[in-house]
There are 2 protein chains.
Amino acid sequence: MDRGNIIHDLRQRLAQSLTPTRYRHVLGVVQTAVQLAERFGAPVLDAELAAWLHDLAREWPDERLLAYARDRHLDVPAEWLEAPILLHGPVAADVARVEYGVEDAAVLDAVYYHTTGKPRMGKLEMVLFVADAVEPSRDYPGVDRIRALAETDLTAAALASLESTLRYALDRGFVIDLTTVNARNELLMRTRRES
Amino acid sequence: MDRGNIIHDLRQRLAQSLTPTRYRHVLGVVQTAVQLAERFGAPVLDAELAAWLHDLAREWPDERLLAYARDRHLDVPAEWLEAPILLHGPVAADVARVEYGVEDAAVLDAVYYHTTGKPRMGKLEMVLFVADAVEPSRDYPGVDRIRALAETDLTAAALASLESTLRYALDRGFVIDLTTVNARNELLMRTRRES
């Protein structure tokens, strides 16, 4: 399937299967990812495709995510099985490959890790990660600061978003995801080396 | 060496080698650890011994900590070598074993992990970890809340102290230690199961 047809299919699938609020979020991520890709020199069409894909399994019930991960032998961090919502990225990346024939590793990784981030994120991964955090319908404490950083510094915006996720888990008494911690530590070190 | 002689030796060693501020901190930890052990039913003399031991290498320069860890083949998390101050617990535990003949695993673990905590901390480990965080000379944002928790709930105080450490690393732009994250997640889950 060529990229145009994939997106055509996905748009219909998501418009029909997602709640209106979530569909609006996806449209916001598509728009923001394209904008960020243009701004920071990432491949624009890959960013758009990754954005259309990223939340296709976001509203699956836990049991369906777990069953899919098990049946397809998805290689995921063991602790994600304790918080199955974290599987919606890996599941979407697998669906992208199997149902839509997407083979681009950068697109698949961006989708896979869009919730937690990961160490050594590339530009496309940061574009989707930040777009997901700051698209226009997002409203949470600190979003304005991350949005402002995303105007000029993609890495700083990604770092601030990872840190916002960690603070949120501390404030709410959620388990802190180790992949997110590793992503934040690596980006912090990278920022230091580059400044 | 019996416990009385070990503490006699340590007291002289620390009074001579530590800065006055640090020595005052150690005395505060000794006093607080004994108090917490009595309050929460941990072995009081073990708590006292662990407290005397815990910071004996706290003022060693990074190079000395790294050289000791290398020469003695200490088994430490690889990332601690990037932040050598984290080695002062493992080094102190090793000195306790080699120079003072301390063999009690609970005492040695309490000393080893007193900076980061660890998953599945036992009572003695929590006593030293919390005493280190709330002894009378400690003064940092949030210490009063942890001190208040330590009046009635050792586990809640340890959890709050771990979370305070993580917030501090986020606020100050320090690397977040994975052992501390794992300790916090495990204690959070334990608290949930027990409540």
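How many nonpolar, polar and charged residues does the lining of the largest cavity have? The third legend gives the answer.

The model is predicted, so that local features need pLDDT of at least 70 and side-chain atom pairs count only at pLDDT 80 or more, whereas totals for chains, interfaces and linings use all residues. Residues are numbered from 1 along each chain as its sequence is written, chains are lettered from A in the order in which they are written, and side-chain values use heavy atoms, with hydrogens and water left out.

**View 1. The interface of chain B and chain A.** Contact (heavy atoms within 4.5 Å) joins 18 residues of chain B to 18 residues of chain A. The two chains bury about 1,500 Å² between them, with 57% of it on carbon and sulfur atoms; buried area is the accessible area (1.4 Å probe) lost when two parts are put together, summed over both. Across this interface, 10 residue pairs are in polar contact, both residues being at pLDDT 80 or more. On the side of chain B that touches chain A, α9 (154-172) and α10 (178-194) each supply at least two residues, and α10(B) gives the largest share, eight residues. By class, that side has 10 nonpolar, three polar and five charged residues. A polar contact is a pair of N or O atoms within 3.5 Å; within protein, one must be able to donate a hydrogen and the other to accept it, and residues adjacent in sequence count only if both atoms are side-chain atoms.

**View 2. Salt bridges between the chains.** Two salt bridges link chain B and chain A, each term requiring a side-chain nitrogen of Lys or Arg within 4 Å of a carboxyl oxygen of Asp or Glu. Arg167(B) pairs with Asp171(A) at 2.7 Å, N to O. Asp171(B) pairs with Arg167(A), their closest N and O atoms being 2.7 Å apart; this pair runs from helix α9 of chain B to helix α9 of chain A.

**View 3. The largest cavity.** About 40 Å³ of space lies in this cavity, which is lined by Leu166, Leu170, Ile176 and Val181 of chain A and by Leu166, Leu170, Ile176 and Val181 of chain B. The lining has eight nonpolar, no polar and no charged residues. A cavity is a set of points on a 1 Å grid over the protein atoms alone where a 1.4 Å probe fits but cannot get out, and lining residues have an atom within 4 Å of a point.

Terms used. Helix = DSSP H or I, 4+ residues; strand = E, 2+ residues; numbered from the N terminus. Nonpolar A, V, L, I, M, F, W, Y, C, P; charged D, E, K, R; others polar. 1 Å grid on protein atoms, 1.4 Å probe; cavity = no way out; pocket = protein on both sides within 12 Å on 5 of 7 lines; lining within 4 Å. Points joined across faces, edges and corners; volume = space filled by probe spheres on them.
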